[in-house]
Amino acid sequence: MPSARINPLVAAAHEHPYPYYAALRNEAPVFFDAEHKIWVVSRADLIMQLMQSPHCVVRPPNEPVPAAIVGTPAAEVFARLIRMNEGQAHLPLKQAIGRSLALVDTACLPQLVKKWRRAECDLHALCHFVPVAVLADLLGFAPETQPEIMGWLADFVACLSPLSRDADLARASVAAQCLLTHFTGVLEGDVPQGSVLANLLQDSEGIDRQVLLANLIGLLTQSYEATAGLLGNCLIALQQQGMSDDLPLTSFVEEVARYDPSVQNTRRFVVQDLEINGQLLRKGDAVLLLLAAANRDAAFNAKGDDFAQGRTDHRSLSFGYGRHSCPGQALAIKITTAVLSDYLAQVGMAGPMQWRYQASVNGRIPRFISHQENVI
Ligand code: HEM
């Protein structure tokens, strides 16, 4: 039992989770939280070991889709996401997505950011709308439908959170149906030549259309809150840590992604008994992998609790590791850097900011309370 105590399921949105993470790493790096019936793992080497292990999978085998959404359109999307599958349902499409994203031409990012930041854009809209709108444009989704898509995305991501109430889940289900209908039309229509979408369609022949459809939605839903959180955490770090003008802005964004990540943890489920750090994890156990704790592990990053833009030994688990690692990492960093750069050019340093972290079991996503001087 570590000396500092926080409920690990709310630590992501806690004001100061890092002392708790440090206590876990030092005192009980593989720890069973009996109250929440979940193993909590906080050391980088152990997390990487579990993420690579075939004995740990991304969904409980007896609940491939969360019980609360079974039978709804949201379940149709969820069940087909590569993020939620292993083996053949995961690898071929994961590789195709990786290849298509690698072809994205990011030279146009500054123009795309200008196109999507609206007049009167406050910090909330800046974080929750602009990065994902830019991404959707880059992927090749028709720009004129974007505001509608953003509304559906906001509603859909509720089905990914165990904190959602019935009303949120009902909205998520409606949104899932709208997204499915919309993206079916996109696939049947004229796909812009050279876009990620066009490349992916070409590269994924033989992959079930419904699976492809769900994963196109997945590209946007998986980046929606994660990029909003990364950008928001960059704005906070600008004020709390400062930024070096001598180093590229990208190095600042990368260090924020390590130091105060928007995705603080992820889960795995044990399908075959395994021993790790002297503890026996049994088939059926759930495991919480504290990526944000691992990033500050001294054995992983020297002086991990220090914010050090441009650190030469930079290592991070913020985008996962192993077979489920994030294929959008490079793009997410570039988009966030482009939005931040544009914001700094327009507004300079943000004025006084107030925020609270959105309730979440895994996301660290600030919700800013608007101040006129921060509006573009
Ligand atoms: C700051 C932004 C982002 C963060 C922090 C982030 C983080 C992550 C993490 C931690 C995982 C692994 C989850 C696990 O193993 O349990 C992941 C997976 C994934 N991410 Fe991201 N992501 C971001 C942006 C994006 C973007 C922009 C895209 C798409 C363009 C994307 C697409 C995906 C996909 C498809 C997966 C599933 C991969 C698989 O299961 O093999 N992400 N992401």
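**Entry 1**

Helices (H or I, at least four residues) and strands (E, at least two) are DSSP runs, numbered from the N terminus.

This is a predicted model, in which local features need pLDDT of at least 70 and side-chain atom pairs count only at pLDDT 80 or more, while totals for chains, interfaces and linings use all residues. Residues are numbered from 1 along each chain as its sequence is written, and side-chain values use heavy atoms, with hydrogens and water left out.

I then looked up the side chains: histidine 90 has an N or O atom 2.6 Å from an oxygen atom of the ligand, and threonine 266 likewise has a side-chain N or O atom 2.6 Å from a ligand oxygen atom. Of the 28 residues around the ligand, His90, Thr266, Arg268, His324 and Cys326 come nearest, where a residue is near if one of its heavy atoms lies within 4 Å.

**Entry 2: the sheet**

I traced an open sheet of 5 strands in the order β1-β2-β7-β4-β3, with mixed pairing; two strands pair if DSSP finds at least two bridges between them. I found β1 (30-33) and β3 (56-57) at the edges, each with a single partner strand, so one side of each is left without a neighbour in the sheet.

I followed β1 to β2 (residues 38-41), and the two pair in the antiparallel sense over 4 bridges. Within this pairing, phenylalanine 32 has tryptophan 39 as its bridge partner, and valine 30 stands opposite valine 41. The hairpin of β1 and β2 has 4 residues between the strands, and there lysine 37 takes a positive phi near 50 degrees.

**Entry 3: the whole chain**

I recorded 14 helices and 9 strands in the protein chain. Its C-alpha atoms fill a box of roughly 55 × 50 × 40 Å, taken along the principal axes.

Notes: Polar contact = N/O pair within 3.5 Å; in protein donor to acceptor, adjacent residues only side chain to side chain.
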